[in-house]
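Please have the viewer open as you read.

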Amino acid sequence: DVRKDYYCIKFPVFDTENHITAVCGMLTDITELKEIQNELENAKEAAEAAAEAKSAFLANTSHEIRTPMNAIIGLTHMVLKTNLDKKQYDYLSKIEKSAQNLLGIINDILDLSKIEAGKLRIEITRFNIEELLESVLNMVSLKAQQKNLEIIFSLDHNIPVELMGDPLRIRQVLTNLASNAVKFTEQGEIVAQVKLLNDFNDSVELEFSVKDTGIGLSN
């Protein structure tokens, strides 16, 4: 026999003297509804387990790839400081830029897994704003050169060079904006600006922007 599930509603019947004379009820077969509910709960649990497994895989894989990538970037940077001819320096510079681009993609993947797991945190660390902009420039300059585009980085002179914040997140956002600007611009220039909006006693408010002469977006 198939087990049935029912939903029962009961209500009393009163006489003229407000005494209960009977109890009536309505019985509804909700077996099919319960089966659907159980299937939805099972599907939800399976989806959550799959999402957790994917996030764990992305995090583990990203960490495993980042270690050799950092080694490649570090060793390439050291070799660039040695005596090289023009062609060797050009090749190694391109290797370094490509490795930095790949590391940026890996960091994006790792951030995605952290967001899905609810573990993404904004870090507060000391960084050099000029070095940060230079690293962004290095990541997008090769593609810009291939399209004969000019890239201009503008930094307000009264912005402190040493800042506290999350340089990784700032670098990711600027790199994505600059990369898209290069991608959708066929001629002209790309201007990345950092403006000082407010200067408080112990902090500054900055505005980062990327402008290009590309096709733009429709309203």
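Among contacts between residues at least 6 apart in sequence, what percentage join residues at least 24 apart? In this protein 64% of them do, where contact means heavy atoms within 4.5 Å.

A word on the source: this is a predicted model, in which local features need pLDDT of at least 70, side-chain atom pairs count only at pLDDT 80 or more, and totals for chains, interfaces and linings use all residues. Residues are numbered from 1 along each chain as its sequence is written, and side-chain values use heavy atoms, leaving out hydrogens and water.

Along the sequence, the elements run β-β-α-α-β-α-β-β-α-β-β; helices (H or I, at least four residues) and strands (E, at least two) are DSSP runs numbered from the N terminus. The protein is more spread out than a compact globule, because its radius of gyration is well over the value from the globule rule. That radius is taken over C-alpha atoms, and the rule is 2.2 Å times the number of residues to the power 0.38.

| Quantity | Value |
|---|---|
| Radius of gyration of the protein | 30 Å |
| C-alpha box along the principal axes | roughly 105 × 45 × 40 Å |

Buried residues (under 20% relative accessible area, 1.4 Å probe, protein chains only) make up 26% of the 219. Ser141, in helix H3 (residues 129-146), counts as buried at 9% relative accessibility. Leaving aside residues up to four places away in sequence, Ser141 touches Lys97 and Ile151.

Methods
Buried means under 20% relative accessible area, exposed over 50%, partly exposed in between (1.4 Å probe, protein chains only).
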